[in-house]
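Please keep the sequence and the model side by side while reading.

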Amino acid sequence: MAPDPISEFQSWFDDVSITSIEEPNAFVLATVDEDGTPSARAVLMKDLSSAGITFYTSMESRKSRALRVNPKAAATFVWVPLHRQVRFEGTVSEVDPDVADEYFSTRPRGAQIAAHASRQSEVVSDREILDSRFAGLDDEFGNEIPRPDHWGGWLLSPTVVEFWQGRPNRFHDRIRYRLEEGKWVKERLSP
């Protein structure tokens with residue numbers, strides 16, 4: 001395996017990307033809020049760099065509120081047909097607004113409008129309210145839709161990354177990378 005987990009993850013991700021697995025960039029993000037209540041949800045990785053994995057969301061959502069008070073998170077990619085998963089643990093930081101602007105401009109028009117129309121995680125009385133907001137904004141916006149102030153990205157910078165490869169008899173391979181004094185330590189874990 002590669003000397004660092006990002007290089008190894010890129011190799012695994014490249015392998016997954018050429019399969020028929022839908023949304024290979026989907027992962028489960030776990031956060032903990034100010035009361036210590038955990039929450040997990042699926043999100044999409046939109047960038048992978050030596051710094052970590054990036055995803056975008058409403059900065060007013062439950063996950064963003066939790067990440068502000070407790071800037072640590074865990075992420076798990078699961079590719080069941082390949083009997084593989086990769087777990088990340090680390091710290092989060094907000095993506096630079098210019099980077100968020102650049103990514104937002106690549107989203108389909110409907111997704112851009114939805115980002116404006118939704119107040120993610122807020123209760124609404126019915127679907128009609130959401131559809132009405134969307135339709136009104138669709139009529140209002142021209143060709144270029146600016147990124148909403150309440151929408152941005154998070155970078156999860158890992159301190160631990162574990163690679164899990166399923167094997168017969170549930171005698172799986174588990175390789176963990178730990179960041180120790182700025183260097184990655186690679187170790188095998190019992191299944």
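Lys 72 has Thr 91 of β6 as its bridge partner. The model is predicted: local features need pLDDT of at least 70, side-chain atom pairs count only at pLDDT 80 or more, and totals for chains, interfaces and linings use all residues. Residues are numbered from 1 along each chain as its sequence is written, and side-chain values use heavy atoms, leaving out hydrogens and water.

**Strands around β6**

Strand β5 (residues 72-79) pairs with strand β6 (residues 84-94) in the antiparallel sense, over 8 bridges. Pairing here requires at least two DSSP bridges between the strands. The hairpin of β5 and β6 has 4 residues between the strands. His 83 takes a positive phi near 55° in this hairpin. β6 is also joined to strand β7 (residues 151-165), by 11 bridges. These two strands run antiparallel. Phe 88 has Val 161 of β7 as its bridge partner.

**The chain as a whole**

The chain has 5 helices and 9 strands. Helices (H or I, at least four residues) and strands (E, at least two) are DSSP runs, numbered from the N terminus. Along the sequence they follow the pattern α-β-β-β-β-α-β-β-α-α-α-β-β-β. The C-alpha atoms fill a box of roughly 55 × 40 × 30 Å, taken along the principal axes. Of the 191 residues, 39% are buried. Buried means under 20% relative accessible area, exposed over 50%, and partly exposed in between (1.4 Å probe, protein chains only). Among contacts with a separation of 6 or more, 60% come from residues 24 or more positions apart. Contact means heavy atoms within 4.5 Å.

Which residues of helix α2 (residues 62-69) are buried? They are Lys 63, Ser 64, Ala 66 and Leu 67. Seen down the axis of α2, these buried residues fall within an arc of 160°, so they line one face of the helix. The arc is that of the directions from the helix axis to the C-beta atoms. The buried residues of α2 pack against β1, β2 (38-44), β4 (52-58), β5, β6 and β7.

In helix α3 (residues 97-104), the buried residues are Ala 100, Tyr 103 and Phe 104. They cover an arc of only 100° around the axis, which puts them on the same side of α3. An α-helix has 3.6 residues a turn, so residues three or four places apart point the same way. Asp 98 and Glu 102 are exposed on the other side of α3. The cover over the buried residues of α3 includes β4, α4 and β7.

**The largest pocket**

The largest pocket has a volume of about 400 Å³. Its lining has 19 residues, and the closest to the pocket centre are Tyr 56, Thr 57, Arg 107, Gln 120 and Trp 151. A pocket is an open set of points on a 1 Å grid over the protein atoms alone, where a 1.4 Å probe fits, with protein on both sides within 12 Å along at least five of seven lines; lining residues have an atom within 4 Å of a point. Grid points are joined across faces, edges and corners, and the volume is the space filled by probe spheres set on the points. β2, β4 and α4 (109-117) each supply at least two lining residues. β4 gives the most, with 4 residues. By class, the lining has 11 nonpolar, 5 polar and 3 charged residues. Ala, Val, Leu, Ile, Met, Phe, Trp, Tyr, Cys and Pro count as nonpolar, Asp, Glu, Lys and Arg as charged, and the others, Gly among them, as polar.

Ser 58 is found in strand β4, and Ser 64 in helix α2. Ser 58 is in contact with Ser 64, Gln 120, His 150 and Trp 151, leaving aside neighbours within four places in sequence. Ser 64 touches Thr 57, Ser 58, Met 59 and Trp 154, not counting residues up to four places away in sequence. Ser 64 and Ile 113 are 49 residues apart in sequence and 20 Å apart in space, C-alpha to C-alpha.

**Positive phi and exposure**

Most residues other than glycine have a negative phi. Glu 23 has a positive phi of about 50° although it is not a glycine. Glu 23 sits in the loop between α1 (5-17) and β1 (26-32). Glu 181, also not a glycine, has a positive phi of about 55°. Glu 181 lies in the loop between β8 (173-180) and β9 (183-189).

| Residue | Relative accessible area | Class |
|---|---|---|
| Glu 23 | Glu 23: 47% | partly exposed |
| Glu 181 | Glu 181: 81% | exposed |
| Ser 58 | Ser 58: 5% | buried |
| Ser 64 | Ser 64: 0% | buried |
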